[in-house]
Amino acid sequence: MWSLCCNLNIRFRGNVLVDWLANIFVSVITTVFRNTITNVVSNGVHDFIQATLDDMNGRLRGRAITEQEAAVLIENLRKMLTH
């Protein structure tokens, strides 16, 4: 029986020791997997935002921008982050 509420538990309804060891194994694997996914997504988002800001700063370096240009840049950044 698989239950996916908050924790993943496995019941083979066989040997209690085997069930206990299987649940420990599954808990360790899911914890490692969850942290790996979190780190990959976090690093990807960070790299994307940093590259976007670096690009924006590179385009703006050495010149002042109007309020309208700033609004367009902010809107483009919002679109990139939401799509």
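## Layout of the chain

Helices (H or I, at least four residues) and strands (E, at least two) are DSSP runs, numbered from the N terminus. What you're looking at is a predicted model, where local features need pLDDT of at least 70 and side-chain atom pairs count only at pLDDT 80 or more, while totals for chains, interfaces and linings use all residues. Residues are numbered from 1 along each chain as its sequence is written, and side-chain values use heavy atoms, with hydrogens and water left out.

How much of the chain is buried? Of the 83 residues, 12% are buried (under 20% relative accessible area; exposed means over 50%, and partly exposed is in between, with a 1.4 Å probe and protein chains only). The accessible surface of the chain comes to about 7200 Å², worked out by the Shrake-Rupley method with a 1.4 Å probe, where for residues only the protein chains shown count as cover. Carbon and sulfur atoms account for 63% of that surface.

## How the helices pack

H1 and H2 pack with their axes 12 Å apart, at an angle of about 160 degrees. That makes H1 roughly antiparallel to H2. Axes here are lines fitted to C-alpha atoms, for helices over the stretch in contact, and angles run from 0 to 180 degrees between N-to-C directions. Angles over 145 degrees count as roughly antiparallel, under 35 as roughly parallel, 65 to 115 as roughly perpendicular, and the rest as oblique.

The C-alpha atoms of Phe48 and Leu81 are separated by 8.9 Å, with the two residues 33 apart along the chain.

## A nonpolar patch on the surface

Phe33, Ile37, Val41, Val45, Phe48, Ile49, Leu53, Met80 and Leu81 form a nonpolar surface patch, with about 770 Å² of accessible area together. Patches are made of residues with over 30% relative accessible area and no salt bridge: nonpolar side chains (Val, Leu, Ile, Met, Phe, Trp, Tyr) are joined within 5 Å, like charges within 9 Å.

Helix H1 (16-60) and helix H2 (67-82) each supply at least two residues of the patch, and H1 gives the most, with seven. Phe48 sits in helix H1 and is partly exposed, at 32% relative accessible area. Met80 belongs to helix H2 and is also partly exposed, at 41%.

## One salt bridge

Side chains of opposite charge can pair when their charged atoms come close. A salt bridge here is a side-chain nitrogen of Lys or Arg within 4 Å of a carboxyl oxygen of Asp or Glu, and searching the whole structure turns up one.

Which residue pairs with Arg78? It's Glu75, with the closest N and O atoms 3.7 Å apart. Arg78 and Glu75 are three residues apart in helix H2, so about one helical turn separates them. Arg78 counts as exposed, at 52% relative accessibility, whereas Glu75 is partly exposed, at 33%.
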